[in-house]
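Reader: I would like to go through this model with some care, taking its definitions together with its values. Could you begin once the structure is in view?

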Amino acid sequence: MTEHAGRIQRSQAPKTWSRYRFPESLWRFGAVLAIIVFLGYSMAFMNVDIGLLFGALGGLLGVIGTRFYPPDIAYVLDAGYLASILDTLQMSFLGGMAGVALAIPLAWFSAWNVSPHRRVLFPLGRLGVISARAIHETIWTILFVSVLGFGMLAGVSALTMFCIGFAGKLFSDEIEAVDMGPVEAMRATGANSLQVFLFAVVPQVRVAFTGIAIYTWDVAFRAATVVGFFGGGGMGWYLKRNVQQLENLRVGAIILSIIAMVLVAEFISGWLRAAVNRAK
Amino acid sequence: MSVLSVKDLRVRYSANGPEILKGISFELQSDDFLAMIGPSGAGKSTLIRCINRLVEPTGGEIVLLGEDVRALRPSELRRLRRNVGMIFQEFNLINRMSVMDNVLSGRLGYTGNLRSLFRHFPKKDIEKALYYLDRVGLTDHVDKRADALSGGQRQRVGIARALMQTPKLLLLDEPTSALDPKISREVMALIMGIAKELGVPALCNIHDVQLAKEFCNRIVGLQDGVKKFDGETATLRDRDLEEIYAMEVL
């Protein structure tokens, strides 16, 4: 601004250059050193015996071999159990849908750049997303089970809270990264904040939101097995019962079925997200 | 008649930051096509955004269409903004929407929330959009996505969008800087023609002095947040430019 053409001041050219110069270099190497020292101190303090760890790995394989093998595959092919897989799927779907539906307005409120009200709705939106995130899904389940009793309703409610926290944060980050040019243009036409959101923000985040929603379902499906374990119904419930009854061969089969279903969910979600990105 | 009157306008982006505008005053008459010239960083964009409060001024007075802009409450501000069409350097179109939806978005200030949600604009607005799309020569591109158009075509969409507001004032923020010299002239001529036809005054930020002289009847020169020149285009001398740009004019 104050430099005028033809009057740019020239200074002596330096003779050498290095990426990290003195004060900065000290910080960088100091930080790395501190992390290594702390790691070593923690290991010594807690008496971590690496040898024992590797020994235990062999032990674990032995336990699996003797107690959980051969898995009782017939058990997981039973109609009752297959129905519970469907329950888990429905739980994750319902929880994911409800969570995403609630996360969108919260994310809008809690995105600083386009928040409809910076003094009231912004902090409320943030609070909503943060409190949903702050409590782990197992704790949400325990809370909802204590209020609603055992079963799918408690499970779906817990998953909804989990999805609000998960998707809400990702959504609002996405909204805060939009190009502000169209936002400015819509404001200049006299549009209100809802109209600005619908016309300037939604078209920019639609594809990313779809991807995040699919990913949320995928994560919710994994969480749904844990939610079941704590009383939310579905596969996790069967797992808990058999663990308590020491039916280890059945437990082995259930764990295998969970791994298989999670892989399937991950595959479907990955495929859908790729399809959405192509449609951009 | 004065459409816009700015007095001692001051802007700081943060309490301790530098003052971007240091007491600017000028008037815009109802038949003016006023060029705001000055080097990059002089505060032209900030100034034009203060007029519809896309940027909040920190001091001074703005009277637009008889209203004290700084005193307006949010709903009153939106009502005032409807009357001010704005055209941007980078067009600021919604790339993933069609040309038609982009043009219709100029009516948002007059449209309810429910209609906005379903993008269901009144028939009258659609007819108006088709008229202005024809006026700017984009009839064949109505259903294309905005990002499928060339720079000049995109700016024409921007012009049509601004006209949809039935503006009483046009704010043009470097409308031609992203365009090549030939298209720049076409776009300026189009804007000026429409402004004259509708009898709407315009305030135009522009760094191309040649274009400013060619199209505008009055010029205000800005440098470092201070007004250095204000007068009829014919009275602008080389030494005024020298002072505004603080450099030799070839």
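Author: A residue is called buried here if 20 or more other C-beta atoms lie within 10 Å of its own, exposed if 12 or fewer do, and partly exposed in between, with the C-beta atoms placed from the backbone. This is a predicted model, in which local features need pLDDT of at least 70 and side-chain atom pairs count only at pLDDT 80 or more, while totals for chains, interfaces and linings use all residues. Residues are numbered from 1 along each chain as its sequence is written, and chains are lettered from A and ligands numbered from 1 in the order in which they are written.

Reader: What percentage of the residues of chain B count as buried?

Author: The C-alpha trace of chain B spans about 50 × 40 × 35 Å along its principal axes. Among the 250 residues of chain B, the share that counts as buried is 45%.

Reader: Why does the radius of gyration of chain B agree with that of a compact globule?

Author: The radius of gyration is taken over C-alpha atoms, and the globule rule is 2.2 Å times the number of residues to the power 0.38. For 250 residues a compact globule would have a radius near 18 Å, and chain B agrees because its own value is 18 Å.

Reader: How many helices and strands are there in chain B?

Author: Helices (H or I, at least four residues) and strands (E, at least two) are DSSP runs, numbered from the N terminus. On that basis chain B has nine helices and ten strands.

Reader: In the open sheet of six strands in chain B, which strands stand at the edges?

Author: Two strands pair if DSSP finds at least two bridges between them. The order of this open sheet in chain B is E6-E7-E8-E3-E9-E10, with mixed pairing. A strand with a single partner has one side left without a neighbour in the sheet, and so the edges are E6 (84–87) and E10 (226–232) of chain B.

Reader: Which residue stands opposite B:Met86 in E7(B)?

Author: E6(B) pairs with strand E7 (residues 169–173) of chain B in the parallel sense, over four bridges. Within E7(B), the residue opposite B:Met86 is B:Leu171.

Reader: What angle does the direction of helix H6 of chain B make with that of E6(B)?

Author: Axes are lines fitted to C-alpha atoms, for helices over the stretch in contact, and angles run from 0 to 180 degrees between N-to-C directions; two residues are in contact if their C-beta atoms, placed from the backbone, lie within 7 Å. Helix H6 (residues 151–164) of chain B packs on the sheet and touches E6 and E7 of chain B. Its direction makes with that of E6(B) an angle of about 170°.

Reader: In the hairpin of E9(B) and E10(B), which residue takes a positive phi?

Author: E9(B) is mostly covered, with five of its six residues buried. E9(B) and E10(B) pair in the antiparallel sense over six bridges, and the bridge partner of B:Leu222 in E10(B) is B:Lys227. Their hairpin has two residues between the strands, and the positive phi, near 55°, belongs to B:Asp224.

Reader: Which residues touch the most other members of the largest nonpolar core?

Author: A nonpolar core is a set of buried Ala, Val, Leu, Ile, Met, Phe, Trp, Tyr and Cys residues joined through C-beta atoms within 7 Å. The largest such core has 126 residues, and those that touch the most other members are A:Leu159, B:Leu34, B:Val103 and B:Cys204.

Reader: Which helix supplies the largest share of the side of chain B that touches chain A?

Author: In chain B, 26 residues are in contact with 20 residues of chain A. Helix H2 (74–82) and helix H4 (113–117) of chain B each supply at least two residues of that side of chain B. The largest share, four residues, comes from H2(B).
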